[in-house]
Every structure is written in C-alpha cells, then in structure tokens.
Amino acid sequence: MSFAVGLAAVAVFALLAPALQFMARARAWPLGPVTLLAIATVVSHGFGVMLGILFVPQLQYWDAASIFGFCVMAYVFAFGAVYKSVSLGILLSLVDRPDRRAPLSEIADGQVPDLFRGRIGNLVDGGLVERTDSHFAATAAGRNMAGHVGRLRRAFGIGDTSLYDFSD
C-alpha cells in the first residue's frame, strides 16, 4: 500500500505541475518554471504523506517516497531536456516552415541573437549581471554565483567545458 501512496502522489504531481505552468503563463505570475515544479513537488508530496497517514495504518514512508522521488526526478529531467533547448528550438522552427528548411544564416541571424538576448535578460533580471553603457558586467552576486558554479564543476570533474566551444 505504501507504493500505492507514492504513486497517488505522483499522479497529483503529474496533474499539478503542468496546471501550475499553464496558470503561471495565463496569469503572468512572476514565478519561474523551476519554482513552480518545486511547489508542485512539495504540495503533491505533502498530499501523499497525508494520504498515507490517514489511510495506511502501516505506512512505510521510504517506500512511498522512493517511488515518488524517482518519478518526479524522471519528470524533471524530461522537463529540463525540452524546456529551453536551443537544438529543439531550431528543430521546431524548421518543422513549422512550409518547406521544412532554412539556410544557416537565417537560423543564426534570426534565432541566435534572440536566444542570447533572452539569456542576458535573465541574468540581468536575476541581479547577476548589470548593463554598463554598451557592455555587461558581473555584479557581486554574479561573481559569487560564478565562484560556486566553478567549485561545483571542479567537484563533479566537469572542468572548463562549455556547450558553446567555438575554438575549432
């Protein structure tokens, strides 16, 4: 029964997470998608715990939590893979065209600047970067974040790799 409680919490999460994303877009909530996933996780996990406490006399919390955690992590990984993927954005824009193709120059000139403007906007909005004249500079919070990220990269053995390594 504990596994069933975990699965019930997963079902609530699977309904709540996309509903929150939809409501956030429709009502222009200032919460980001990852924050909404965290809210859906906490609420649905809380629901599962309460369900288990009320209806399962011998609730094995970790059995329920393991099922819930595994399924939610699978959802989050899938969500992350399609959320702001540059490659998928290019693919979707090609598929939406009548002839299903575009020259590289059009892709680079049309999509890449918008992508980078959006990303720099996120950094500015997050207080990690500030605009100074025609340049951008890392704020104290940005430098602090970069230090944390650098330490995490070294801890995970990632090093100085980049998704956008154009040195070749």
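This is a predicted model: local features need pLDDT of at least 70, side-chain atom pairs count only at pLDDT 80 or more; totals for chains, interfaces and linings use all residues.
The secondary structure of the protein chain comprises seven helices and two strands, and from the N terminus onward the elements follow the order α-α-α-α-α-α-β-β-α. The radius of gyration is 21 Å, well over the 15 Å that the globule rule gives for 168 residues, so the chain is more spread out than a compact globule. Along its principal axes, the C-alpha trace extends over about 65 × 45 × 35 Å. Buried residues account for 17% of the 168 residues in the protein chain.

Two spans carry a record annotation: the unreviewed UniProt entry places the feature "transmembrane region" at residues 38-57 and 64-83. In the model, residues 38-57 are 90% helix and 0% strand, and the C-alpha atoms at the ends of this span are 28 Å apart. Residues 64-83 are 100% helix and 0% strand, with the end C-alpha atoms likewise separated by 28 Å.

A nonpolar patch on the surface is formed by Val-82, Leu-88, Leu-91, Leu-92 and Val-95, which together have about 430 Å² of accessible area. Helix H4, spanning residues 86-95, supplies the largest share of this patch, with four residues. Leu-88 is located in helix H4 and is partly exposed, its relative accessible area being 31%. Leu-91 also belongs to helix H4 and counts as partly exposed at 46% relative accessibility. The C-alpha atom of Leu-91 is separated by 26 Å from that of Ala-26, a residue 65 positions away along the chain.

Helix H5, which covers residues 104-110, contains Ile-107. With a relative accessible area of 13%, Ile-107 is buried, because the value falls under the 20% cut-off. The C-alpha atoms of Ile-107 and Ile-90 are separated by 7.4 Å, although the two residues are 17 apart along the chain.

Side chains of opposite charge can pair when their charged atoms come close, and the structure holds three salt bridges. In one of them, the side chains of Arg-97 and Glu-106 meet with an N to O distance of 2.4 Å. Arg-97 is partly exposed at 26% relative accessibility, and Glu-106 is partly exposed at 37%. A further salt bridge links Arg-101 with Asp-99, where the closest N and O atoms are 3.8 Å apart. In this pair Arg-101 counts as exposed, at 60% relative accessibility, whereas Asp-99 is partly exposed, with a relative accessible area of 46%. Asp-114 and Arg-117 also form a salt bridge, with 2.9 Å between the closest N and O atoms. These two residues lie three residues apart in helix H6 (residues 112-125), so about one helical turn separates Asp-114 from Arg-117. Asp-114 is partly exposed, with a relative accessible area of 47%, while Arg-117 is exposed, with a relative accessible area of 53%.

The two strands are S1, at residues 129-132, and S2, at residues 135-138, which run antiparallel and are joined by four bridges. Within this pairing, Arg-131 has Phe-136 of S2 as its bridge partner. S1 and S2 form a hairpin with two residues between them, and Asp-133 in the turn has a positive phi of about 55°.

Notes:
Residues are numbered from 1 along each chain as its sequence is written. Side-chain values use heavy atoms; hydrogens and water are left out. Two strands pair if DSSP finds at least two bridges between them. UniProt positions are given in the numbering used here, feature names are shortened, and annotations may be inferred rather than shown by experiment. Patches are made of residues with over 30% relative accessible area and no salt bridge: like charges are joined within 9 Å, nonpolar side chains (Val, Leu, Ile, Met, Phe, Trp, Tyr) within 5 Å. Accessible areas come from the Shrake-Rupley method with a 1.4 Å probe; for residues, only the protein chains shown count as cover. A salt bridge is a side-chain nitrogen of Lys or Arg within 4 Å of a carboxyl oxygen of Asp or Glu. Buried means under 20% relative accessible area, exposed over 50%, partly exposed in between (1.4 Å probe, protein chains only). The radius of gyration is taken over C-alpha atoms; the globule rule is 2.2 Å times the number of residues to the power 0.38.
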